[in-house]
Amino acid sequence: MSAFKQGDALEAFRLFLGGRDLNEATLGVRDGFEAMLDFYRDTRASGCALDEDGDMLLFQWEPI
């Protein structure tokens, strides 16, 4: 499991996508949601206590 600094979540996610040959600009809802879940499963923000809800997966949907 890899880790990233709390303030680097977006950059870490983009690197994660690149490692899977995915581009955030062309991801569909299903593939994007799957990628977010996989990212959360496989990576962690450093310094966060999981047992105290210190690292969570939050997302927001904004229609275009």
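Colleague: Is Arg20 buried, partly exposed or exposed?

Modeller: Buried means under 20% relative accessible area, exposed means over 50%, and partly exposed lies in between, with a 1.4 Å probe and protein chains only. Arg20 has a relative accessible area of 36% and is partly exposed. This is a predicted model, where local features need pLDDT of at least 70, side-chain atom pairs count only at pLDDT 80 or more, and totals for chains, interfaces and linings use all residues. Residues are numbered from 1 along each chain as its sequence is written, and side-chain values use heavy atoms, with hydrogens and water left out.

Colleague: What is the mean pLDDT of the chain?

Modeller: pLDDT is the predictor's confidence in each residue, from 0 to 100. Where it is low, the predicted coordinates should not be read in detail. Here the chain has a mean of 85, and 100% of its residues reach 70 or more. Helices (H or I, at least four residues) and strands (E, at least two) are DSSP runs, numbered from the N terminus. Confidence is highest in helix H1 (residues 9–19), at 92, and lowest in strand E1 (residues 2–4), at a mean of 83.

Colleague: How many salt bridges does the structure hold?

Modeller: Side chains of opposite charge can pair when their charged atoms come close. A salt bridge needs a side-chain nitrogen of Lys or Arg within 4 Å of a carboxyl oxygen of Asp or Glu. The structure holds five. One of them joins Arg20 and Asp38, at 2.7 Å from N to O. This pair links distant parts of the chain, 18 residues apart: Arg20 is in the loop between H1 and helix H2 (29–42), Asp38 in helix H2. Asp38 is buried, at 12% relative accessibility.

Colleague: How much space lies in the largest pocket?

Modeller: Rolling a probe the size of a water molecule over the atoms shows where empty space is left. On a 1 Å grid over the protein atoms alone, a pocket is an open set of points where a 1.4 Å probe fits, with protein on both sides within 12 Å along at least five of seven lines; lining residues have an atom within 4 Å of a point. The largest pocket holds about 950 Å³. Its lining has 29 residues, and Phe13, Gly32, Met36, Phe59 and Gln60 are the closest to its centre. H2 gives the largest share of the lining, six residues.

Key. Points joined across faces, edges and corners; volume = space filled by probe spheres on them.
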